[in-house]
Amino acid sequence: MSMTKLFSPGPVMVKDNVRRALLHYDICHRSHEFEEMFQDTQAKILKLFNADDSYYSLIISGSGTSSNETVLSSIFKPDEEVLLIRNGVFGERLLEIISKYSIPLVDLSFPWATMPDLAVVEQALKDHPNVKVVAMVFHETSTGMINPVSKVGALCDKYGKIFSVDCVSAAGGQNIDVVQNHISVCTSVGGKCIGAFPGAAYICARKSLLDSLTSDQCKNVYLNLYKHYQSSITAHQTPNTPNVNLFWPLNVALTNIIEDETLAGRIARYQRCAAIIREGVLSMGCRLLLDDNMANTVTSVYLPAGMDAQNFLDEMTKRGYTFYIGKGDYGKNGMIQIANMGEIYEQDCYNMLEVFQVVLNRLGK
Ligand SMILES: Cc1ncc(COP(=O)(O)O)c(C=O)c1O
């Protein structure tokens, strides 16, 4: 099969200089050269989250889930509770991690594609004084909804809670300000909006939270926030052998955003692309799952009534375009997801929409 253009929410199309960085000559992860590159990348991660010097960043060799598991398996002492706010597949993934580590849970589940009710969140905070951490997803990728992180952050500030945010599909695609949004710790990965490869995840956390960790409270050997932090502050290294070959492209992808396109420029491009996609599919008789609070990088689209989503995606793949099928019942009901993360520009969206129309016409007959 020939190469397809990825309009999927990860992995994403990467810029040539990111791909070339994979071919960097081999270096040892216990060398000064690694330490310099590691620190440079850490500084760029902080900029991605608009963090000040009260924050610190770490890189985890693994997918986005590895960064979430590192955080959630590390930050609780016995009997401390987590309040989980969820409204989609990736909130459920956080629940899976929380359950696996038997962390006492206050579970606030809202219907998918609806905004969490802040009055319910505030009441839960009043009712459960043992809650130490509030956890939620910034961009719930399964629907394309942006959750009310700044408002929940304000509640965390008011009630003195640690705020842990899964920013896997948001970092580099939405404006995330950890200071203003009272985010204590957040996570993401290379193969999403920053346009790097999957497998290099990262964490941005308040130093005060990292300083408070003890070795005992971290329940995972490899995904261990204490060990990662200690290795980094003492030696500018990682505790185990990292995927060094993915650190270079991560660094280049971050440089592309922070120093070249700028974060504001990247977000503006994503907004322009999403607007083109949304206008295009609406003009072809599709409808959108969400009316508002849509991410800059994911559009959940219902195909015209009666059209089989998988069939449609197969026809698009044959013509060089990869999308996602909607998760669970969404897919069965004809919903697909079109992402515009990474190296996708306005003209790519127009070209894709032309093919989209051809396939709709073909399958509509
Ligand atoms: C919001 C969110 N969290 C977590 C994940 C899991 O990331 P990974 O598949 O890289 O482990 C994803 C993946 O798409 C995601 O969108």
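**Group meeting: a loop, a ligand and some rings**

Okay, let's start with Pro 11, which is found in the loop between β1 (5-6) and α1 (16-21). Those labels are DSSP runs numbered from the N terminus, with helices (H or I) of at least four residues and strands (E) of at least two. A cis peptide bond joins Gly 10 to Pro 11, with omega at about -5 degrees.

Quick housekeeping: this is a predicted model, where local features need pLDDT of at least 70 and side-chain atom pairs count only at pLDDT 80 or more, while totals for chains, interfaces and linings use all residues. Residues are numbered from 1 along each chain as its sequence is written, and side-chain values use heavy atoms, with hydrogens and water left out.

Now the ligand. Which residues are around it? Among them are Ser 63, Thr 65, Phe 90, His 139, Asp 166 and Lys 192; a residue gets in if one of its heavy atoms lies within 4 Å. By class, that shell has three nonpolar, seven polar and two charged residues. Here Asp, Glu, Lys and Arg count as charged, and Gly goes with the polar ones. Helix α3 (residues 64-72) gives the most to the shell, three residues.

Look at the ligand's oxygens. One oxygen atom is 2.5 Å from an N or O atom in the side chain of Thr 65. For Lys 192, an N or O atom in the side chain is 2.6 Å from an oxygen atom of the ligand. A polar contact here is a pair of N or O atoms within 3.5 Å. On its own the ligand has 390 Å² of accessible area, and the protein covers 85% of that (Shrake-Rupley method, 1.4 Å probe).

Last, the rings. How many aromatic pairs are there? The count comes to ten, where ring centres of Phe, Tyr or Trp must lie within 6.5 Å, and planes under 30 degrees apart count as stacked. Phe 34 and Phe 38 are a stacked pair, 5.6 Å centre to centre with 20 degrees between the planes. They sit four residues apart in helix α2 (residues 32-48), so about one helical turn separates them.

How values were computed:
Polar contact = N/O pair within 3.5 Å; in protein donor to acceptor, adjacent residues only side chain to side chain. Phe/Tyr/Trp six-rings, centres within 6.5 Å; stacked < 30°, edge-to-face > 60°.
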